[in-house]
Amino acid sequence: MLRRILFWLCITSVLALVVAGAIPIFLGHTEPPEQGRAVAERALAEARASTARTWAPELLRRAEVTMRLNLEEESRQRHRLLPLRDFRVARAGFDRVEEQALAAVTEAARRSASAKDLAAEELAKAETAVASAEEVLDAAGRQVDLRGRLARARMLLAEARLRFESGDYPYARDRAALAEAQAHGVVKRTTEMMERYVDAGEVARWQRWVEETVRWSRETGEPAIVVSKDDHRVTLYVGGRAVETYPADIGLNNLSGKVRSGDHATPEGRYKVTSKRNIGQTAYYKALMLDYPNHEDRKRFDELRRKGQIPRGAGPGSLIEIHGDGGRAKDWTRGCVAVSNDHMDELFARVRVGTPVTIVGGRGEGGVFSTLVRNYAAVNHGSDDTALD
Amino acid sequence: MSKFRFALIAIAVAAFAIGCAEPPQAEIDSAKAALESARSAEAGDYAPEALSAAEDAVAQLETELKAQEEKFALMRRYETAKQLAASATDAANSATEQAGAEKQRLQTAANDLIASTRMLLTETTTLIEQAPKGKGSQADVAALKADLEAAETSLADAEAAAASGQYRDAVAKAESVQQSVQSVKTAIEEAIAARGGRR
């Protein structure tokens, strides 16, 4: 009896073991995840070949680490007895590798697109800044140092564009930012030099000179000339009325008042025509000689020389005229005021020796320099010129 | 019976000799070393696709090796692994070669571009001395000279980049300088032409 019980117990145990071992096999847990592994390997290979290596290296690395761990897990399961193998973890792991590889590719594309947008935005800002710097520097005449800075800004911008086209967006953005900073520095430095044309005290002084000149013309009925440097304009008054206005070119150093010989600046002050030079008597068609330096000019020169601001051997300058060969729409003279030959003919005919000539900076608005100062006030507020290195 | 026993022993010895195959370690080491060389040769920057192919080949080799390790010792075979090792070595060597060729190409391009830009700069610096010296031209000439000085500084930056192996940077810098100098040269030539060729 006992023997029979033991016999059937053994049979039952063996049958139970066989069934227990067969269930995982039947459910497929013991089947190696060949297909899953192959899909994961393919996804990882595609991710490696994509821009993920550049733009999402940490996500690509994560996928590679997950792959390695699941290969080890698969290997561990393969070493077990068949009924005890369970590849579910490895199978799920390979699915995760595929997801992670795809995520690396997707994130790389997103980051690349974002970097491209940022670089494009910076390029646009740099282009605007360089155009602004070109505008102000074109008006500023002789500013050689700043011109060199502007050239650097242009080259940085060109370099940024080239790197953008080759897909190196971070570098392109960096170069564009440098170009923008350089250009803003040029704008700031240049417009700071122009600020005297909007200085309230200076403008009031110039206005007073103009009013006195016009009043004199009205009271005497005689012609008088007013030159406005900011407006680049010569106005002829007769009997206190503005009868003609002519475009004028001024000194190369157009942001300063004249201080000394050779500074190429047009003086500001109240002068008179001392002589008239006809064709053949001057290098510039016809000319009206002025009595620069006047008393105020000499006084200012002496004061500056006392302060040590005048180079040794330099004088206050002379030979300031209103002459022809002008009307070029740029400032080029060594300090004189130049109009076109046709306009010079008209002026020459209507003025005489002794005619007052008042040269002022401007009205404080509406002129070339005053407009630029006001237009770029917002830019200057936000920038600094430390980029000019 | 003794013959039968002898035959059994002979078969067992033969099976043992065949089954206990060793992995082709020399070929595996060679493949891994070739991949490291490719990475050191900056194949990631200069031949990224070729490097990627080499990495895939090594990954396949490692997968095959693992698969063989999982088998019963007598059942292991390494012929496929040996072939994969050879392919991986070839792929890695190819990546190294392509990286070297691309670096050489970029280096040559950078040096050629810098040289031609240097010539253009010298030519333009000479030409500017012949620019029309008329009334009011001094501001324009001074501005162009400032542009050329800035170009000289930027070209020096390009030369420094090339000397330190940053050939892509050097090419971009030299191209931007060339554009700038060319525009100066064009401005001078137009000014000379406007004066009727008189300098």
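The legends below describe views of a predicted model.

**View 1. Chain B is built from helices and is more spread out than a compact globule.** Chain B contains seven helices and zero strands, and its elements follow the order α-α-α-α-α-α-α from the N terminus on. Its radius of gyration is 33 Å, well over the 16 Å that the globule rule gives for 199 residues, so the chain is more spread out than a compact globule. The C-alpha trace of chain B spans about 125 × 20 × 20 Å along its principal axes. Of the 199 residues, 38% count as buried. Among contacts in chain B with a separation of 6 or more, 77% involve residues 24 or more positions apart.

**View 2. Eight strands of chain A form an open sheet with mixed pairing.** The order of the strands is S3-S2-S1-S8-S4-S5-S6-S7. Strand S3 (241-247) and strand S7 (337-338) of chain A are the edge strands, each pairing on one side only. Strand S2 (residues 233-238) of chain A runs antiparallel to S3(A), and six bridges join the two. Val238(A) has Arg241(A) in S3(A) as its bridge partner. Helix H10 (residues 341-350) of chain A packs on the sheet, where it touches S1 (223-228), S2, S3, S4 (269-277), S5 (287-290) and S6 (321-323) of chain A. The direction of H10(A) makes about 145 degrees with that of S3(A).

**View 3. Ser217 of chain A is a buried residue of helix H8.** Helix H8 of chain A covers residues 200-220 and includes Ser217(A). Ser217(A) counts as buried because its relative accessible area is 0%. Leaving aside residues up to four places away in sequence, Ser217(A) touches Glu222(A), Ala224(A), Tyr237(A), Val238(A), Gly239(A) and Gly240(A). Of these contacts, Val238(A) is also the bridge partner of Arg241(A) in S3(A).

Note on methods: Residues are numbered from 1 along each chain as its sequence is written. Chains are lettered from A and ligands numbered from 1 in the order in which they are written. This is a predicted model: local features need pLDDT of at least 70, side-chain atom pairs count only at pLDDT 80 or more; totals for chains, interfaces and linings use all residues. Side-chain values use heavy atoms; hydrogens and water are left out. Two strands pair if DSSP finds at least two bridges between them. Helices (H or I, at least four residues) and strands (E, at least two) are DSSP runs, numbered from the N terminus. Contact means heavy atoms within 4.5 Å. Axes are lines fitted to C-alpha atoms, for helices over the stretch in contact, and angles run from 0 to 180 degrees between N-to-C directions. Buried means under 20% relative accessible area, exposed over 50%, partly exposed in between (1.4 Å probe, protein chains only). The radius of gyration is taken over C-alpha atoms; the globule rule is 2.2 Å times the number of residues to the power 0.38.
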